[in-house]
Each structure stands twice: as structure tokens, then as C-alpha cells.
Amino acid sequence: MSIQRMDNVGIVVDDLDAAVAFFTELGMELEGRMPIEGRWAGNVVGLRDMRSEIAMMRIPGGVPGRLELATYHAPRAIVPDPEVTPANTRGLHRVMFAVDDIEDTLARLRPHGAELVGEVTRFEDSYLLCYLRGPSGIILALAEQLS
């Protein structure tokens with residue numbers, strides 16, 4: 001047995017429209033959006049009477065990798081304590097994207113609520129790297145290859 005592919009990464013958000021706008025500004029495309037509910041859905045995720053809506057975001061040009069953004073209508077999403085968790089919190093740590101221009105990307109994402117976690121840092125002569133927070137406290141990493 002072997003893995004065929006990694007299909008997507010799922011992220012729960014408070015405001016699905018804001019998250020779609022954020023990831024669209026990053027350069028992803030909305031593949032589709034739909035409600036997810038019913039007994040089968042609740043059985044998969046282990047929640048009774050579950051109602052949610054998802055938006056599937058893809059990287060343009062047939063590049064592998066998708067994000068499934070989900071908002072829960074019932075039961076409501078649980079907010080972690082503290083709400084904005086530090087980078088060393090257990091669980092999903094971050095999603096990293098390679099970008100052409102890190103400063104331009106940050107400038108485009110800031111109006112959508114993006115805030116740097118630390119600072120843009122140079123790794124040797126290879127990369128500029130940074131962590132930023134997006135909608136619902138999502139941590140993204142950006143990498144710009146220098147050479």
C-alpha cells in the first residue's frame with residue numbers, strides 16, 4: 001500500500017467570505033463552494049447534527065495542493081484558549097507557500113488582515129522567509145527563493 005497524493009489541507013474559519021478573499025489575494029482560485037451536512041457528514045467528523053459550508057481553493061495552473069476552508073454553522077466552531085495561539089502550539093502548525101515577491105505579497109494581504117508573526121528573515125543566500133497570521137488566526141509561511 002502507498003499514498004496516492006495529499007488531496008488537501010482543511011482549515012476551520014469564522015468568516016468563509018473573508019478567508020476566500022484572503023486566499024484569492026494570495027493567488028489561489030476558488031474551485032467550488034458548497035454546504036456539507038447530513039448524517040454521513042456528521043459520521044465522518046464525529047459531530048451530531050453537523051451543518052457546515054466549505055470552499056475549496058486551488059493553486060492555479062494545475063499545481064498540486066488545495067485548501068478546504070470550512071465554517072461550521074452547527075455545532076459552532078470552538079475557539080481555542082488563548083484565541084491567538086503561539087507558533088509552538090500542538091496541532092496544525094502552518095501552511096507554507098512559495099511566492100515570487102514576499103514584500104508584494106504582504107502588501108496585498110495586509111488589507112485582508114494579514115499580520116507578521118515575527119519578521120521577514122533572510123536564510124543564507126537562499127530564501128526570504130516569514131510567518132504571518134491570516135483570517136481566524138491561520139498561520140501561513142511565505143518563502144521567496146533568492147538564488
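1. The accessible surface of the protein, calculated by the Shrake-Rupley method with a 1.4 Å probe, comes to about 9,600 Å², and 52% of this surface belongs to carbon and sulfur atoms. The model is predicted, so local features need pLDDT of at least 70 and side-chain atom pairs count only at pLDDT 80 or more, while totals for chains, interfaces and linings use all residues. Residues are numbered from 1 along each chain as its sequence is written, and side-chain values use heavy atoms, with hydrogens and water left out.

2. On the overall build, the protein has three helices and nine strands, where helices (H or I, at least four residues) and strands (E, at least two) are DSSP runs numbered from the N terminus. Read from the N terminus on, the order of these elements is β-α-β-α-β-β-β-α-β-β-β-β, and the C-alpha trace spans about 50 × 40 × 30 Å along its principal axes.

3. Of the contacts (heavy atoms within 4.5 Å) between residues at least 6 apart in sequence, 55% join residues at least 24 apart.

4. On charge, there are 14 positive and 22 negative side chains, and the centres of the two sets lie 8 Å apart. Lys and Arg count as positive and Asp and Glu as negative, whereas His and the chain ends are not counted; the place of a charge is taken as NZ of Lys, CZ of Arg, CG of Asp or CD of Glu.

5. On the aromatic rings, a search of the whole structure finds two aromatic pairs. F22 and F23 form an edge-to-face pair, with 5.2 Å centre to centre and 80 degrees between the planes. F23 and F97 form a tilted pair, with 6.5 Å centre to centre and 50 degrees between the planes. Rings of Phe, Tyr and Trp (its six-membered ring) pair if their centres lie within 6.5 Å, and planes under 30 degrees apart count as stacked, over 60 as edge-to-face and the rest as tilted.

6. F23 lies in helix α1 and F97 in strand β5 (residues 95-98), so their pair ties together parts that are 74 residues apart in sequence. F22 is buried, with a relative accessible area of 0%, and both F23 and F97 are buried as well; ring pairs link F22, F23 and F97 into a cluster.

7. G27 is found in the loop between α1 (16-26) and β2 (29-37), and is partly exposed, with a relative accessible area of 36%. The C-alpha atoms of G27 and M57, which are 30 residues apart along the chain, are separated by 9.8 Å.

Technical notes:
Buried < 20%, exposed > 50% of the residue type's maximum accessible area, 1.4 Å probe, protein only.
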